[in-house]
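Biologist: I am new to this structure. Could you please take me through it?

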Amino acid sequence: MATTIAELTEALVGIASHDDETAAGDRIEAWLADETEAAVRRDGIGNVIARRGDDEGVSVALVGHHDVVPPEGPQLAEDGSYRVERREGRIHGRGAADMKGALAAQLVTFREAELPPGIELVFASFVGEETGGVGARYAIDDGFLPDYAVVGEGSTNYSGPDVTDVVVAHRGRRGSTVTARGTAAHASEPEAGENAIYRATAAIDAIRELDVPPVSVAGGRLSGSVVVTEIEGGSAMNVVPERCTLTVDERTVPGERADLDGLERLPGIEWAVEQDLPPMECTDETFAERVLAAAAEAQSAPPELATKPHATDAGWLSRAGTECVICGPSEPGEAHTREESVSIQALERCYRIYRGTVESWPAHG
């Protein structure tokens, strides 16, 4: 069975997991059973969770996910697996960067880290991260709540090509639908009806005037955003429309939201939230600095505490009470692309960061 980070990355990347994560979960579970003496379990939705160390001590988790976004043409092999190629120090294939490479680094860390007294090391790989945190939410509802977590997400270029930074906050996403209702009428007598499109444009104007809240994190500012992304309405050229819908993408920041609720004060307007992915902020400065110190020790370039624009499973864990940071092989422009790849050097750097974080933990917690 694959034993090095690069070998394990290649093995995991080759397993299709965009619409069924079972086989990837099987491989992770089997690797843990073969390579460690940890207590390993598979929960009811397919998450793989392993623990070793002091089960009454401070729990430090290495967290990732083994689902991926759908592959693009060249990434899918004829037998349904994913094509994997290693060249020039990089592993190419769907999920290499987001985030099976980081999973491999976490698994090897879980196997090899020397635990200080009073520490429980947890490994968790979730399903359904790409579809709204399905696995993380299930695990939390099932009692998964480590004290601290390093989430190995590498899906956005929050770091440079030669440095791995530590993310202490990220934005969430609230996706919603605004429905404008009116009264249909013949277009030759528009005054006989109420034009839903006109009501929708009033809602658009209100959205454009909304204040977008910023927060101060990591020595800088993390700002939200809100934007109308789709509009649909009307039934015919000669009919005053009775219905028009908008979709709204809002990027949320910790503790703050745009006042979209106020849209319902407009005539004929209804507002419904379709998706609400929570933001994340690490509030334990000591933990963040501990991971940053491990990152500094693991690389020659100076890492920074950073923020990330996209939501991750860290948001769900943070909302439940776990102190989280994100640290993964986030290289510019790699994840979710048809050229997706990850550098072996970055994976080995992440391994050193993960292991350094765990092994430097003070015995008193």
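Modeller: Helices (H or I, at least four residues) and strands (E, at least two) are DSSP runs, numbered from the N terminus. This is a predicted model, in which local features need pLDDT of at least 70 and side-chain atom pairs count only at pLDDT 80 or more, while totals for chains, interfaces and linings use all residues. Residues are numbered from 1 along each chain as its sequence is written, and side-chain values use heavy atoms, leaving out hydrogens and water.

Biologist: What does UniProt list for residues 168-258?

Modeller: An unreviewed UniProt entry lists them as "domain: Peptidase M20 dimerisation". UniProt positions are given here in the numbering of this model, with feature names shortened, and annotations may be inferred rather than shown by experiment.

Biologist: Now the sheets. What is the strand order in the open sheet of three strands?

Modeller: The order is β4-β5-β20, and the pairing is antiparallel. Two strands pair if DSSP finds at least two bridges between them. β4 (85-87) and β20 (341-343) are the edge strands, each pairing on one side only. On average, neighbouring strands of this sheet are turned by 20 degrees against each other, direction ignored.

Biologist: Which helix packs on that sheet?

Modeller: Helix α8 (residues 344-359) does, touching β4, β5 and β20; contact means heavy atoms within 4.5 Å. The direction of α8 makes about 60 degrees with that of β20. Axes are lines fitted to C-alpha atoms, for helices over the stretch in contact, and angles run from 0 to 180 degrees between N-to-C directions.

Biologist: And how many bridges are there between β4 and β5?

Modeller: Three bridges pair β4 with β5 (residues 90-92) in the antiparallel sense. Glu85 has His92 in β5 as its bridge partner.

Biologist: How many residues lie between β1 and β2 in their hairpin?

Modeller: Five residues lie between them, and Gly46 in the turn has a positive phi of about 115 degrees. Strands β1 (residues 39-42) and β2 (residues 48-53) run antiparallel and are joined by four bridges. Val40 stands opposite Ala50 in β2.

Biologist: Changing topic: how many disulfides are there?

Modeller: The count comes to zero, where a disulfide is a pair of cysteine sulfur atoms within 2.5 Å. For Cys282, the nearest cysteine sulfur is that of Cys324, 7.8 Å away.

Biologist: Is Cys282 buried or exposed?

Modeller: Cys282 counts as buried, at 12% relative accessibility. Buried means under 20% relative accessible area, exposed over 50%, and partly exposed in between (1.4 Å probe, protein chains only). Cys244 is also buried, with a relative accessible area of 1%.

Biologist: How many aromatic pairs does the whole structure have?

Modeller: A search finds five. Rings of Phe, Tyr and Trp (its six-membered ring) pair if their centres lie within 6.5 Å; planes under 30 degrees apart count as stacked, over 60 as edge-to-face and the rest as tilted. One of the pairs, Phe110 with Phe123, is tilted, at 6.3 Å centre to centre and 55 degrees between the planes. Phe110 lies in helix α3 (residues 96-112) and Phe123 in strand β6 (residues 119-126), so this pair ties together parts that are 13 residues apart in sequence.

Biologist: Why is the pair of Phe126 and Phe144 edge-to-face?

Modeller: Because the planes of Phe126 and Phe144 stand at 90 degrees, with the ring centres 5.7 Å apart. Both residues are buried.
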